[in-house]
Structure formats: C-alpha cells, structure tokens
Amino acid sequence: METCWDSEGIRRRPALRENLIADAAVIGAGLAGLLTAYELQRRGLNVIVLEADRIMSGVSGRTTAKITAQHGLIYSKLYDKVGETAARRYAASNLSAVEKFKRIIDKEKIECAFETVPSYLYATHDRRSLEHEAEAMRKIGVITDVVEETSLPFKTVGALRLDGQAQFDPMKFARAISDKLTIYEKSKVIDIEANRVICENGKVRADNIVMATNYPIINFPGFYFMRQHRERAYVEAIEGVTKLDGIYYGFDGGHSFRNAENAVLVTGEVHRTGDRALKNAEKLRRDVRIDFPCGSVRCTWSTQDCMTHDGIPFIGRYSIHSPNLFVITGFNKWGMTSSMLASEIIADMICDRANDFENLYTPQRLHTVGTKALLADVGQSVKGLGEGLFSKKERKCTHLGCRLKFNEEEQTWDCPCHGSRFKKDGRLINGPAVRDLKK
Ligand SMILES: Cc1cc2nc3c(=O)[nH]c(=O)nc-3n(C[C@H](O)[C@H](O)[C@H](O)COP(=O)(O)OP(=O)(O)OC[C@H]3O[C@@H](n4cnc5c(N)ncnc54)[C@H](O)[C@@H]3O)c2cc1C
C-alpha cells in the first residue's frame, strides 16, 4: 500500500559499521527524531541519527500531515479533567509549533506544498460536545468560531473553525531537514547501555540519547508498554472530486479530510492494532464511495500511532533513573505539532534551558485522568501475555511474548497489546519489538 507522498527524493544513507562518539544520539528518523536532531544541531551539538529502516519509513511517511493545534475534543477534556493551566499550555505549545513550521520553512526556503488553511472540527450529530469544546477554547483564549456550513460533501451539525493552521507534504519537508543531518539508515538499535547506543554492527557513545522510535523499545525503566497502546487508521486519496476549503476532523464518527495536490485524502475507521483491520478498512472504502460517488481512488494506505491515557504525549526524561535518556512518544495521532514542540522541549532540557511546557508533557506526571484506559491496557497486556504462553513460538511477539493476531487486510501479524507488527514470513515491520519472529 503506497502513499501519495514521494520518498524518492530523500538521499540514501549508509548503515552504521563503526563505533562513533557524539554529543547526542537520536534513535529514529521520523518527524520527531529529525526535528529534534535538527534543533540540537542548530544549537551547536554534534548529533547522530540512527534509523532502523529508511528516513521517514515509519508513521511520518504515512501520515496525512495536517499541522494544527485543534486535536479533537482535547481542550474540553483537559480543561475539565486536568485543569485550565494544562489546557492553556497545550494550546500555547501547539499553536507555537504551527508558527515554528512556518518559520523553518521560510528560513530554509523549503518547497513542501505548505499552505496555511483553516482547521475545522466538525460534528455529525453531537452538537453539544462541539459547543463545549468551543467554550473551553474560548476560556483559554483561543479564538474560534462555530460555523454551520462546510465544504464537506455531506451535512454536519456544525464545525468549529480555527484559522491559521496548515498542511504540507511531509516527505518534501523531511527531505530538506534531513539533508543537513548525519543519519545512518538500516541501523536498527537493539539496546542501550549507559551512554552507549548499540546497533547490530556498530555503537554510538553519546552524552545524551533521544528515543524517537514512535514506540519506545526499552521496557524497563519507563514502563511505556503499560502506558499507551497503538491504534491503526486507513487513508484513501480520491481524485476527481471538489477540493475542500481547509482541513477537517470529525470527532463523533466522521472521517478526517484534507486536499493533497489534485486529490482529497480521507482518513478514518480507527481501531486498536490487532483488531478489526479488515472490517474497518472495508467500512472506509464503503463510506468513501458514498461521500464521493464520482471520485476515483488514486492510492490507499494505513498506519498507526501511540495513544496515551490522558491524551497528552510523553516528552522528556525516559525515567527518573535515566538523566541522559530522553523519550518522545504518545502523539495520539497528532504528531506534526507534537514533533515540533517535542524538539524544542528536548533541546531545552539537553541544553539546560527552562521550557514553559516541560511539566505538561513530562512522562513522570502523576494524575488520575485516564485510569480506565490504563486498566484496559494493562488488562490487554495480561490477556495477551497469558495467550502467548500457550502459543507457538512463531506466533509470539518478540517484544514481551504476547500472542499475535493475523491482519487479513494487510496480511501481517499484529500485536494487540503493544502494536509490534511482522510480515507474514516473520520479518519485523514495527517495534517496540526489535527482532523478527522465531521460525
Ligand atoms: C492515519 C494517521 C493519520 C495521521 N495524520 C496526522 C495529521 O494529519 N496530523 C498530525 O499532526 N498527525 C497525524 N498523525 C500522527 C503522526 O503521523 C505521527 O504521530 C507522527 O508521524 C509520529 O512521528 P514519529 O517520529 O514519532 O514516528 P515515526 O515516523 O514512526 O518515526 C519513528 C522512526 O523510528 C524508527 N525506529 C523504530 N525502531 C527503531 C530502532 N530499534 N532503531 C532505530 N530506529 C528505529 C522507525 O523505523 C521510524 O522511522 C496521523 C497518524 C495516523 C495513524
């Protein structure tokens, strides 16, 4: 399943076959890793990026790249459950991330189809939640409007409009950013020992290490495998249809939409990895035919992201026991602005500068929001591990041993607990596992 983004322009890099020393090692060349390496290098550090596959071969190369601070019903959730300060900081950090994209693209003169557009959060039936979100946004000083008409090809019960957001081609952007960085491709990190990052054929000794692998690959300390799960979603690029006036996200069952060249990208039918893949992919195909009866499908793909229990990413120290190991994960499918703000927070922490948003995103935060989701994830892990005990070794995930489920849609083996995925022949596609399936 190929995307509509073209990765060919991204220069190939060698694999790591020696032992090197750097100020910082960044693991993962997705948007989070690239932007963090870019920011650290800009501040004068010598940075090495280690990528298991190719630059942007993970979620960032399969994203829909809407750059917005409007993340579903996040502001009412944060305002009601975590507090006004958290909601204000979330908005400020994400709005400044949108602006920083504009600044970098201007400064570096990057041609990446960047376009400033309004962002719409629309409701298909739940007008009350939409108004509640509008109220929370207004209380924290974000200017937003409820509009009755949209350019979507179906009726809504209203949409919340936020101006000054954006969309771009993530591959073209990454090509320009990565060009300036020292990156090793096909260099999977298999372990971290103190200040050494270990790949199969080489090591990097670094004062600071940043884990930007989408899902962290080290289980202890940190316990990220209990603190988030993976969700997949499907994308169809439809040609021959009327363009939209902005980017759209439906929070009550509707899909998400944006223009991309001469196509409209439709995304949705989210499900937990390891469950319902075929059913949900078919549902999106059916819905697209209904919404765009005259359109033709140019390409279609899927991808997955990490979902935290409180809806806030984990950005900061990996654990209290690892002062020089940092983590960026849990983007809740909003990784464009989150990657940008993460790069700033991590760079400030490494350079010992204060950052207003560090406390909001710290992985060491303690509050009870999302306890139900935490229990559900722990329950799934216990179930998966239990089933794994009675499974053949070729059906057991090499991460923690959970039983894998076969994904009929993509012909892969997927872990319902932590989202590792393997090809039918056992080769690893996505971590946190770092090894192929046992034969
Ligand atoms: C369907 C869908 C649509 C989305 N659309 C949007 C959107 O419109 N706007 C938005 O803001 N967000 C969106 N997102 C979310 C966003 O795309 C992601 O949050 C973001 O791209 C994640 O970036 P990342 O760098 O963390 O992960 P990745 O891009 O996955 O990068 C991680 C990299 O680490 C590498 N890696 C993994 N393990 C190792 C290892 N052991 N050693 C070395 N390297 C390793 C991987 O190969 C990969 O290249 C969407 C998500 C989905 C699922």
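This is a predicted model: local features need pLDDT of at least 70, side-chain atom pairs count only at pLDDT 80 or more; totals for chains, interfaces and linings use all residues.
Begin by colouring domain 1, residues 111–165 + 230–308, and then domain 2, residues 371–430, which are the two parts into which the protein chain is divided. The centres of domain 1 and domain 2, taken over C-alpha atoms, are separated by 29 Å. If you now select the contact between them, you will have 10 residues from domain 1 and 10 residues from domain 2. On the side of domain 1 that touches domain 2, at least two residues each are supplied by α6 (277–291) and β15 (296–308), and the largest share, 3 residues, comes from α6. Coloured by class, the residues of this side of domain 1 divide into 3 nonpolar, 4 polar and 3 charged.

**Strand β14 and its partners**

Next select β14, residues 263–272, a mostly covered strand in which 7 of the 10 residues are buried. Strand β11 (residues 228–239) runs antiparallel to β14 and is joined to β14 by 8 bridges; to see one of the pairings, select Ile238, whose bridge partner in β14 is Val264. Strand β13 (residues 256–260) also pairs with β14 in the antiparallel sense, over 5 bridges, and here Arg258 has Leu265 of β14 as its bridge partner. The hairpin of β13 and β14 has 2 residues between the strands, and in this hairpin Glu261 takes a positive phi near 50°.

**Around the ligand**

Now select the ligand and the 40 residues around it, of which Gly28, Gly30, Gly58, Thr63 and Gly335 come nearest. Two or more residues of this shell are given by each of the elements α1 (31–42), β11, β15 and α7 (335–350), and α7 gives the most, with 4 residues. By class, the shell around the ligand has 17 nonpolar, 17 polar and 6 charged residues.

Stay with α7 and select the whole helix, of which 15 of the 16 residues are buried, so α7 is largely enclosed by the rest of the structure. At 1.5 Å a residue, the 16 residues of α7 should span 22 Å, and this agrees with the 21 Å between its end C-alpha atoms. Just after α7, Asp352 takes a positive phi of about 60°.

**Backbone details in the loops**

Go to the loop between β10 (202–211) and β11, where you will find Pro221; a cis peptide bond, with omega about -5°, joins Phe220 and Pro221. Asn214 is found in the loop between β10 and β11 as well, and its phi is positive, near 75°. Asn214 counts as buried because 28 other C-beta atoms lie within 10 Å.

A cis peptide bond also joins Gly431 and Pro432, with omega about 20°, and to reach it you can follow the chain into the segment after β21 (428–430), where Pro432 is found.

Then move to the loop between β2 (47–50) and β3 (66–67), and select Ala65 there. Although Ala65 is not a glycine, its phi is positive, at about 55°, and with 24 C-beta neighbours inside 10 Å it counts as buried.

**Last stop: Lys77**

Finally, select Lys77 in helix α2 (residues 74–81). Is Lys77 buried or exposed? Lys77 has 22 other C-beta atoms within 10 Å, and so it is buried. To end the tour, draw a distance from Lys77 to Leu400, which are 323 residues apart in sequence and 32 Å apart in space, C-alpha to C-alpha.

Methods:
Residues are numbered from 1 along each chain as its sequence is written. A residue is buried if 20 or more other C-beta atoms lie within 10 Å of its own, exposed if 12 or fewer, and partly exposed in between; C-beta atoms are placed from the backbone. Domain bounds come from an automatic or database domain assignment. Two residues are in contact if their C-beta atoms, placed from the backbone, lie within 7 Å. Ala, Val, Leu, Ile, Met, Phe, Trp, Tyr, Cys and Pro count as nonpolar, Asp, Glu, Lys and Arg as charged, and the others, Gly among them, as polar. Two strands pair if DSSP finds at least two bridges between them. A residue is near a molecule or strand if its C-beta atom, placed from the backbone, lies within 6 Å of it. The expected span of a helix is 1.5 Å times one less than its number of residues.
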